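Please work through the exercises below with the sequence and the model open side by side.

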Amino acid sequence: MAEGNGSKNGDRALKGSFKVKAGLAQMLKGGVIMDVVTAEHAKIAQDSGACAVMALERVPADIRKEGGVARMSDPTLIRSIMEAVTIPVMAKCRIGHFVEAQVLEALGVDYIDESEVLTPADEEFHIDKHPFKVPFVCGCRDLGEALRRISEGAAMIRTKGEAGTGNVVEAVRHARAVNAGIRKLQGMNKAELVHEAKLIGAPVELLEECQRLGRLPVVNFAAGGIATPADAALMMQLGVDGVFVGSGIFKSEDPLKRAKAIVAATTYFDKPEVLAEVSAGLGKAMHGLEIPAIPKDELLAARGW
Amino acid sequence: MQGAFAEHIRALEACGARTRVVRTAEDLEGLDGIVLPGGESTTMTMLMERVGLYGPLRSAIGAGLPTLATCAGMIVLARELSDGMPAQQGMGLLDVAVRRNGYGRQVDSFEADLDIEGLAGKSFPGVFIRSPLVESTGDVKIIATHEGRAVAVRQGRIVALCFHPELTKDLRLHREFVRMAAAAAS
C-alpha cells in the first residue's frame, strides 16, 4: 500500500522522457488538431471538439499568399491562446531553428511543430530534438523522411501534404508512400533491411521496429490540404491516427459548423451514413489551389529532407 | 471515440479478453466491462453527447458495468471538476474532485513508480500525461498515491487512474480489470 510514501515516489519522478513525449501524441489519436490565429478561433476550435490547437500568426493559405519570411509567432499571441483553452496548444518553429524551439519550450507550449510551412532556418540540419523536454511533431513525405525525424527525436509524425492549398492530393500521396514503405519491409531479412535502410536514408533499428509493428513507432497524423469531413475520413481510412486541419476551417464560410463536422468525420471515418449527415449544409469550403498551378519553388513540402 | 483506445485494446487482448470499440449507444449492448481511455475529455464528452452515447453510457456505468477509466476517463466520471471548459461537467459517478491538467502542462508530464494496493510484486510504472490532479475524495477507496495525492481509486466496479497503464508493458492492472469484469458477469 502506497499511503504515506508518496514523497518517496516523488523523488523518482522523471520528466520529459520519450515515453511521456510520445504518450501525449497517443492521447491525441482519433482527434483533430486545428490551426488558430486568435484566442477567439481557439475557443471555437475547442467548442467544436478539437483535441488540440496549433497557435500561429497566419494560416498557411495566408503565408502562401503574402510571401516573405514566415517565422515563429509572437509569444504574446501564443500565450493568449494558451490562456484561452484547456486543450493542448502546439506552436510552430522553423526547420533547424533550435532557438525558436527553446523559446517555445520556455513559453510552456505542449508540442512543437518543426514545420516546413515556415521558412527553413537551416538547409542542412533539422533540430536535435532529444534534449528538449517538450515533444516535437515533424512532417514527412515518405518512410525514410519519417524515420530520420524520429531518429532526431520527433515523438509524433505527420504527412506534409501541401499546406494552405485545401487540396488533399499531396497528403494522400505522402500517407500512401509511408504505408508502402512499411509494407515493403514485411518479409525482409536482416541483410535486406540494412540495404533498404541505406536506400531510404534511415537507421536500420527503426526499420526493424516498423517491420515488427507493421506501422510507424510513433503516432502519425495527416496534414496539408484537408478541407472537408470527407477529406479527414479519407486520410483516416488510409490509416493515419488523426488529422491536422490548417486553413481548411477558418478559411471556410462557417468555421464552427465545419470544425464540428470534421471532428465527427474523424471519429466516424468508416461510417458513410454519418459522413453524409455531417457533410450536409456546411456552406462554402475554402477555395483551394491546384498543385500544378503552384510554381515549383513555392511548394512547401519540398522544404526539409 | 478519441484517445489512446488502441493501446487499451492491445493490453486487454493480451489478457485474453475480447474487445469492441464503443462509438454509439448500440455498441454498449452485451458488454461485460468498458474502458474510458485517456484523450481529451472535452472532445470525448462532446462527441458522446452529439451521438447520444453520453446518457446510455452514464446509465450503464451507474448500473454497475465494470469500468476502467484512465486520465480523461476519470475526468468524465468525476463528481466535481475544476479548470475544465465552461459548463463542462463530470458524470458524477465517481466521488472525487479533480483538477484538469492539475499537474501542469506537457513539459511537466512525468513517470513515477507507484505502489498499488492489491498488486503483488514490484512497483507499477506510472506514466502521467497532462494528468488530472485528485483534489479530494469522498466515498472511494484510494489504492495508490503519489506525493500524498490519490492517483488510483476504486468505487464499486469503477477503477479510475490518473496515469496510463496502457502505455507500459505491465499488464497487471488490465488483468485485474478483466478478472473483475469476468467475475461480475458470472
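Predicted model: local features only at pLDDT ≥ 70, side-chain atom pairs only at ≥ 80, totals over all residues.

Residues are numbered from 1 along each chain as its sequence is written, chains are lettered from A and ligands numbered from 1 in the order in which they are written, and side-chain values use heavy atoms, with hydrogens and water left out.

**Exercise 1.** Determine which strands of chain A form the closed barrel.

Solution. Begin with the strands, which are DSSP runs of E of at least two residues, numbered from the N terminus, and which pair if DSSP finds at least two bridges between them. Then take one pair: E8 (residues 219–222) and E9 (residues 242–245) of chain A are joined in the parallel sense over 2 bridges, and A:Phe221 has A:Gly242 in E9(A) as its bridge partner.

**Exercise 2.** Decide whether A:Cys93 is in a disulfide or in none.

Solution. A disulfide is a pair of cysteine sulfur atoms within 2.5 Å, and by this rule the count over all chains comes to 0. For A:Cys93 the nearest cysteine sulfur, that of A:Cys138, is 8.1 Å away, and A:Cys93 is in no disulfide.

**Exercise 3.** Locate B:Glu147 and describe its backbone.

Solution. B:Glu147 lies in the loop between strand E8 (141–146) and strand E9 (149–155) of chain B. Its phi is near 50°, a positive value in a residue other than glycine.

Notes. Helix = DSSP H or I, 4+ residues; strand = E, 2+ residues; numbered from the N terminus.
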